[in-house]
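Me: I have a chain open on my screen and would like to go through it with you. Could you keep the answers plain and spell out the cut-offs as we go?

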Amino acid sequence: MENEKQIDVLNTLVQINNDRMEGYETASNETEEHDLKSLFTQFIQTSQKCKAELVDEITRLGGTPTEGTKNSGKFFRVWMDVKSALTSKDRKVILNSCEFGEDQAVHTYNDVLKDDIEELSAAQQTMIRSQQVWIKSDHDHVKSLRDNVLQNA
């Protein structure tokens, strides 16, 4: 296995976690709803934990962990939508935007496990699968809250 390819794959996951942290930090700073602030803090912690594991592995492989986010593409636009939604204080719009962002994170993990699995060691695959479960759980929580808002509208 070539370390460079492993590092690139792992850095893709670092980026999506950076995106999540940046997005939820923005969301938490903008909303006044205490339950959402608490939820966003939990999601930031999920990504911090994922990122720390990924960074440790990248460093072990001799690579440099990315510090950036995907400032182009869908994920960045979603977080801009979140910021706009928060300005209007519309819980449904906020949760819709968050779910879309969570969809992107879940898809990124799924794509890595589908398309890049042969590039990863067994230990890396196990780590990524565990992280995928955490990310999917956060996604499902947002979706449940969003669905609840829609039912009560």
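Me: Where is Leu39 found, and what does it touch?

Reply: Leu39 is found in helix H2, helices being DSSP runs of H or I with at least four residues and strands runs of E with at least two, numbered from the N terminus. Not counting residues up to four places away in sequence, Leu39 touches His141 and Leu145, a contact being heavy atoms within 4.5 Å. Leu39 and Tyr24 are 15 residues apart in sequence, and their C-alpha atoms are 9.1 Å apart in space.

Me: What covers the rest of the buried residues in H2?

Reply: The cover includes H1, H4 and H5, and the buried residues of H2 include Phe40, Phe43, Ile44, Cys50 and Lys51. H2 has 27 residues and reaches 39 Å from its first C-alpha to its last, close to the 39 Å expected at 1.5 Å a residue, the expected span being 1.5 Å times one less than the number of residues.

Me: Changing topic, how do H1 and H4 pack?

Reply: H1 and H4 pack at an angle of about 170°, with their axes 10 Å apart; axes are lines fitted to C-alpha atoms, for helices over the stretch in contact, and angles run from 0 to 180 degrees between N-to-C directions. That makes H1 roughly antiparallel to H4, since angles over 145 degrees count as roughly antiparallel, under 35 as roughly parallel, 65 to 115 as roughly perpendicular and the rest as oblique. Among the residues making the contact are Val9, Leu13 and Ile16 of H1 and Cys98, Ala105 and Val112 of H4.

Me: And H5, what do its buried residues pack against?

Reply: The buried residues of H5 pack against helix H1 (3-30), helix H2 (34-60) and helix H4 (91-115). H5 itself, residues 122-151, has 30 residues, and its buried residues include Met127, Ile135, Val142 and Leu145.

Me: Which helix has the lowest mean pLDDT?

Reply: Helix H3 (residues 74-88) has the lowest mean pLDDT, 62, among the elements of the protein chain, and H2 the highest, 96; pLDDT is the predictor's confidence in each residue, from 0 to 100. Where pLDDT is low, the predicted coordinates should not be read in detail. The protein chain averages a pLDDT of 87, with 86% of the residues scoring at least 70.

Me: Last one: how many helices and strands are there?

Reply: The protein chain has 5 helices and 0 strands, and of its 153 residues 44% count as buried.

Terms used
Residues numbered from 1 in each chain as written. Predicted model: local features only at pLDDT ≥ 70, side-chain atom pairs only at ≥ 80, totals over all residues. Heavy atoms only, no water. Buried < 20%, exposed > 50% of the residue type's maximum accessible area, 1.4 Å probe, protein only.
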